[in-house]
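Subject: Structure handover

Hello,

Please find the structure below. My notes on it follow.

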Amino acid sequence: MRLPLVAKAFGAWILSYVIFKFGMPFITSPLPSSIIFMYMSLVTVAVLLFVSVFEDDFHSFFGPITSFIRGEEGDGVGRKMSRIAVFIIIPLFFGFRTYENVKPSFEAPFPQRVIHPAPPGEAAGFTNPFEGDEAHYEEYIQEGRKIYYENCVFCHGDKLDGHGIFANALNVKPANFADPTTISMLMESFVFWRVSKGGIGLPGESTPWDSAMPPWELILTEEERWKVIMFLYEYTGFKPRTWE
Amino acid sequence: MTVKEMIRKPIVFAGLLMAAIILIPSAPLFAETAGGVEYRDIQGIGSRNLIWLFSQLHILFGAFVLGVPIFVLACELIGVVTKEKRYDRLAKEFTDLIVACYNMTATIGILFLFALLVFYPKLMSVMADIFQPAYYVYVFLFIGETASIYLYWSKWDKMQDRKGLHMFIGLVLNIFGFLIMCVPSAFLAFQASPVVLGPDLGPWEKAWVAMNNPTWWPVNIHRIVGNIVLGGFVCGAYAGVAYLGATTKEEKEHYDWMGYTGNFIGVFGLLPMPFAGYWLMREIYEYNQQMGITLMGGILSWLFILQAVLIGVLFLGANYYFWQGLAYRTHSAAKYKTPIVIMLLVLVVSFGVWLTPHSLVASVSEARAMGGSHHPLLGVFGVMSAKLTVVNLMILTTFIGFILYWRADKVETAKWAKASRIFQYFLFTVATIAIIFLGVYGYHPDVPASFRVNVLSVAQVLAVLFVLVTVIPLTALSLRTAKLTREMKWGVMPPRSQYALLLNAVFTVLTMSLMGYARSASRVHWHIYGVLEDTSAYGFTPTLGHASLLFVINTFIFTIMVGLIFWSVSKSVRYQGFSTQYFFLASVFFWFVSLFEPKKAIEQKVSAEVKNVWKGAGVVMAFLLAYIYIGYSVPQKVGLPPEKKALDLTKIKTKQDMVQVGQEIFYSKGQCALCHSIGPGHGRCPNLKGVGARLTREFIYEALTVPDAYVKLDFEQVNPVSYAAEMPIINKAPIGLSEEEMLTVIAFVQSNGGEVTVTPEELLNLGSPVDNTAHNSQNDEMKLAKDVREESIGND
């Protein structure tokens, strides 16, 4: 049996929602609601565009909807009842959504911060003093490893994957260096700046500083910070992004 | 006629609205304001918002006045070549509008200038000092533009048999238009990417050096292409409204065709737009990486998500209109169903990727479930490689839609047509695969950023351009001999297709408002980047919600004003001698005349045509409101200027402290990093990596204070070239470092690979009052350095 266009369109819409909401967690991490909202708006637009390009589609899509809403001569009791039901359910649904949104909850408000703030000018000038010193490379890595396991491991984890023993107590979770979209996407100088300033030292546009990372410039020397950064790249096998 | 009936006439509403739009925002100009000489402010709207509105409206009207003549001239030319009268009619119809809008541009321009003089005297005096000669040029161009615009417009009918001369006037008009845009473009480009102006430059030389700054040409090109897009889409919207209101078949056919032409020009302007924008962005990165990061990765990065929404809507809207053309105007609509579904899918998926931000807005629990603020899968969509890939795919898809439309209802008769088609399919396939491959390859960790930016992205663009320049002539050739199966049907498009036309025009305006803001916001708290700081109460970056609200207000006011002008013009051209120069009086005039007209019953029944026009307006309003909502749903952050630290000599105890302070000054007050880089990256000046080992402190001092004492060349090329930027005198305005500050900078520069020979003691000695008037400060410094050396030898 061929499905009517209305059913197809709604089917596609609901299927997309199911995929975004329930399918994604199976494949990868679940999507935040803001993204689902965005994608579903896009799907809605796509469906509306699709059904309104051709005249026949337009009528077979909007025809049943308008005739259902307006009511036609000779509508049966079932059709009338379902129309009444729809007109009761829709306001109830929106009322419920509004109630959901405004009722007090224990959910922390959305963090509205810029994750990658633009570093101040000097960040671009930070250069690794040990770069090119191949003779002592292994030595620096070992020192970096020691510093990492004395300071960073508690949050960033044994495997540098952000699953340290404190990680579960922290919001936002510590950075996962094993993820190819973190340190390998950044320039070394940016990482150095971020480590040095921690969460607190970030510029105003990044507040509220959700990051619990301490400003390491107060604890580690400049050389120690560079060594630990070298270790991060060595361990994960990534290379820092370079301009050239 | 009762008062009630009079007031209900739309013309009264229109006149009042026009008066309100012009007078209300300018009222504060006449209000008495408190404040110093540097800035004035007004309560309520705020000086910055007012300037924002005036400048954006001025630029939008300007864009219209510059963009439309390009396409009017093109239409006239097509009319002459094809000998089709309708092209000439279309062109003339628009020339009437240009004249009216030209007046409006000037009116708002004057308001803008007055507002700047009132609210930002400090900035204006600096700018006048630099650009004074350019003002004369501007006035000359303005006179030329005015003369050519009036000649072109008023002699249209009289010169029907001298088309060559008339089109020449049109060409002159366009040249004046382009130049008149370039001059103020230089002012704002200079504000964003200033160059060093030597002290011994003459006024004309100075103005030219300042105008010829790194982002001037990218901005010019970006603007002129944008103006064409605006011209095309506004033409489409005008036709859309006229089509919706049309009652006769002829009118419908004419305006349907006009809407098609406008949309076509808009889309073709849109295709090179991303490339032009990309070039501008590259120049900005080249000029100052910091500014590039602020735009693309920092506080303004969400602005580009907001921009992505607009660009996506434009692409979808333009394609939707093309598809409806296939569905209604051709005789073989059914066979396009499948291709349209595929194109829609490609566009929507691309749009989805194009929209996805790198770091997602998520609640705390969602972020935990996701494992951080980056989604493992979607995170990869957030970076440049993905965006450029999908935008190229979107361009390609739009182009395919156009080609389908072009070929519709035609049968190719050429023998090689089939082979050419197969070749074209092959080209599209190869280009698509290449674009995706290059995009994915950009993620490879071994690919350095510069390779991605300079090679991969450029290759993607070239692939698309190659397809464009190959397929267009091939199709044109094969269609020359093609048989037309049936003539296209005009005037049968449904109202919703016209809403798409309206929406495209409005969203183009919205995009221009947004991009204007992006350009100006990239300067953050500077009037002139790195040179003149914005110390007013508004020296900060507002939230994106606030910015979006202003974009929408701008767009709304502009749309209403253009609508009213179009309407007034369509009324006033009926009367001879009622010059469009006074168009904004038209509505009031008509209201006055109507007072003496015999009483007419007010029409109770609204016709379907008028209903559709209002429906279109409703669709546009709904989209604008939705846009404000989107603007407020992205992170709302205010960007504050960094705190200023005064040089505290008592804190400096060791050489290390000096180096630290010097580094801060190097990157902040000294503005050295605007041009110099240390280590990786390429500056517009010598790289200072390891420079401490090569230069003596005396040389560094001389380089700071007498920069042109030696000729400095870039020896990294085979043939040494001079550097892009000129070194300013550091202890003079605008940077004006004190002797103490320069000493710390010298310490910092020395620490780059050399030994720091400046000592804290010197600094403290300098701190005590020294009579600098008697000596040349340079000698003073030399002597001081010598004394210190001797001292330290003595201590040994």
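Helices (H or I, at least four residues) and strands (E, at least two) are taken as DSSP runs and numbered from the N terminus. On that basis chain A reads α-α-α-α-α-α-α along its sequence, with 7 helices and 0 strands.

This is a predicted model, in which local features need pLDDT of at least 70 and side-chain atom pairs count only at pLDDT 80 or more, while totals for chains, interfaces and linings use all residues. Residues are numbered from 1 along each chain as its sequence is written, and chains are lettered from A and ligands numbered from 1 in the order in which they are written.

Chain A
Chain A splits into domain 1 (5–102) and domain 2 (126–236), with bounds from an automatic or database domain assignment. Their C-alpha centres are 47 Å apart. Chain A has 244 residues, of which 29% are buried. Buried here means 20 or more other C-beta atoms within 10 Å of the residue's own; exposed means 12 or fewer, partly exposed is in between, and C-beta atoms are placed from the backbone. Among contacts in chain A with a separation of 6 or more, 59% come from residues 24 or more positions apart. A contact requires the two C-beta atoms, placed from the backbone, to lie within 7 Å.

Nonpolar cores
A nonpolar core is a set of buried Ala, Val, Leu, Ile, Met, Phe, Trp, Tyr and Cys residues joined through C-beta atoms within 7 Å. The largest has 187 residues, and L60(B), F64(B), I98(B), C101(B) and L502(B) touch the most other members. Helix 12 (residues 301–329) of chain B contributes the most to this core, at 19 residues. Beyond its neighbours within four places in sequence, L60(B) contacts V509(B), M512(B) and F558(B). A second, separate core of 29 residues includes I665(B) and L704(B).

Loop residues in chain B
G379(B) sits in the loop between helix 14 (364–370) and helix 15 (384–407). G379(B) is buried because 24 other C-beta atoms lie within 10 Å. Not counting residues up to four places away in sequence, G379(B) touches T181(A), H358(B) and H374(B). Its C-alpha is 7.0 Å from that of S359(B), 20 residues away in sequence.

Most residues other than glycine have a negative phi. D409(B), not a glycine, has a positive phi near 60°; it lies in the loop between helix 15 and strand 1 (410–411) of chain B. With 18 other C-beta atoms within 10 Å, D409(B) is partly exposed. V524(B), also not a glycine, has a positive phi of about 40° and is in the loop between helix 18 (495–521) and strand 3 (526–528) of chain B. V524(B) is buried, with 23 other C-beta atoms within 10 Å.

Regards
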